[in-house]
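Please look over the fold below. The report covers the sheet, the helices and the nonpolar cores.

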Amino acid sequence: MMRRILPTAMALLALLAAPLAAQVALPGVQVPDPGGVLGGVTDTARDALRDVEASARREAAALLRARERDLSRLLRRNRDTIERDARGDLARRGELLATGLDMALVPTLNKAGFTVLSSERIEGLDLSVVRLGVPPELPLADAEALARRLAPGADISADNLHFQSGAAESAGGLAGTAALQAASSIGVDVGVIDGAPGPSVRVLQTKGFAKGAPVASNHGSAVASLLKSAGATRIRVADVYGTDPAGGNALAMAKGLGYLVAAGSRVITISLVGPRNAVLEKAIAATQRKGVVVVAAVGNDGPAAPPAYPASYPGVVAVTGVDKHGRALIEAGRALHLDYAAPGADVYGLDARGKPTKLRGTSFAAPLAAARLAAALQAGGNWRRTLDAETRDLGRKGPDPVFGRGLLCGGCAQKK
């Protein structure tokens with residue numbers, strides 16, 4: 001009898017352990033014990049699940065440590081252009097952004113040592129932003145607090161940096177571009193906020209919003225090539241990085257959104273992650289008011305990391321990544337809400353030189369989901385209902401915090 005029961009119990013354990021490995025807080029598991037026959041087996045199962053939980057917590061802690069090491073290294077190398085804001089997040093050195101600023105308060109700010117570096121209205125969004133230079137030698141964190149006291153009616157924030165959410169693993173022996181052939185044609189305009197694609201990834205237009213931009217990047221090339229392989233044919237890219245060490249900042253992203261909206265994008269995909277920022281939040285909201293759907297990756301800092309933005313802004317379609325077996329990426333971050341999953345490992349795109357490359361990260365799930373959303377818009381009707389109808393449910397039945405409403409584009413961008 002035990003020979004018949006043991007494989008079943010072990011299979012149950014494997015089923016339970018797979019999705020749990022991607023979480024930090026794991027639910028308790030109750031296994032019935034018919035007359036004590038399975039006592040030893042269930043004890044073993046519980047011990048194994050505790051081991052899975054402990055392993056997941058260690059992995060989450062390691063991801064957070066790695067995240068902080070990367071940020072600290074970037075700061076050490078670029079202290080002339082980057083510093084920490086009042087929350088400890090990285091931002092452009094010596095500058096603050098203000099929206100809703102009463103210009104009558106500028107003399108008061110000037111007297112305290114602030115200068116107006118520029119006052120601009122962002123194209124396509126009807127959003128005005130004032131760039132303030134902080135008083136010399138005053139740390140950004142202290143300058144934030146002072147500016148808020150002097151201009152209490154304005155939204156004052158640092159110009160926070162945002163980081164790409166994925167990387168190439170290897171070429172994986174893929175030859176040529178045969179595996180990257182596009183799916184059925186999607187004619188809806190799709191915008192990308194990222195680095196610029198290389199010349200092998202042809203898009204309608206690329207415009208720069210950072211020093212030196214546009215500059216071909218591996219990450220931007222991969223994202224754009226994934227959109228094309230999933231069927232998108234009308235793609236525009238806002239390069240928010242260029243050669244600027246403080247690239248990926250909130251103001252550059254807001255300007256990029258405005259450009260893409262004005263150019264006619266109906267879907268915009270963002271595979272970048274940063275902290276909550278007042279200017280970018282307003283830009284996202286203005287983009288949505290124009291009828292444009294924003295898709296964003298949840299990042300790769302693990303489930304114990306702070307909520308990822310822009311994925312966590314209201315109304316943004318937040319996307320996580322899974323591997324080819326439908327398992328959540330262990331490094332997948334989190335958002336305040338989760339909409340869908342898409343392939344984020346074992347997928348292939350092009351690098352800046354046009355070389356096929358194996359990719360991993362939630363960065364690469366977002367454009368695949370965005371392509372399906374664009375296809376749903378092209379079909380007409382309610383895009384959410386259309387997407388929900390084509391998802392494959394993963395994890396527990398119905399929407400859940402690990403996979404959202406289900407898997408989109410399950411076979412997309414895989415090696416043929």
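In what order do the 7 strands of the open sheet run? The order is 9-10-8-11-13-14-15, with parallel pairing. Strand 9 (205-208) and strand 15 (340-343) stand at the edges with a single partner strand each, so one side of each has no neighbour in the sheet. The twist averages 25 degrees from one strand to the next. Two strands pair if DSSP finds at least two bridges between them. Strand 14 (residues 317-322) and strand 15 pair in the parallel sense over 4 bridges. V319 has Y340 in strand 15 as its bridge partner.

This is a predicted model: local features need pLDDT of at least 70, side-chain atom pairs count only at pLDDT 80 or more, and totals for chains, interfaces and linings use all residues. Residues are numbered from 1 along each chain as its sequence is written, and side-chain values use heavy atoms, leaving out hydrogens and water.

The protein has 9 helices and 17 strands. These are DSSP runs numbered from the N terminus (helices H or I, at least four residues; strands E, at least two). Of its 416 residues, 52% count as buried, meaning under 20% relative accessible area with a 1.4 Å probe, protein chains only.

Helix 6 (residues 250-262) lies across strands 8, 9, 10 and 11. Helix 6 runs at about 155 degrees to strand 10 (235-239). Axes are lines fitted to C-alpha atoms, for helices over the stretch in contact, and angles run from 0 to 180 degrees between N-to-C directions.

Helix 5 and helix 8 have axes that come within 8 Å and cross at roughly 35 degrees. In this pair, V223, L226 and L227 of helix 5 meet P367, L368, A370 and A371 of helix 8. Contact means heavy atoms within 4.5 Å.

Next, the cores. A nonpolar core is a set of buried Ala, Val, Leu, Ile, Met, Phe, Trp, Tyr and Cys residues joined through side-chain atoms within 4.5 Å. Nonpolar side chains tend to be buried together in soluble globular proteins.

| Core | Residues | Members include |
|---|---|---|
| Largest | 40 residues | L227, V267, V295, V317, L368, L373, W383 |
| Second, separate | 37 residues | L97, L257, I270, A283 |

Beyond its neighbours within four places in sequence, V295 is in contact with residues including V267, V317, A370 and L373.

Key: Buried < 20%, exposed > 50% of the residue type's maximum accessible area, 1.4 Å probe, protein only.
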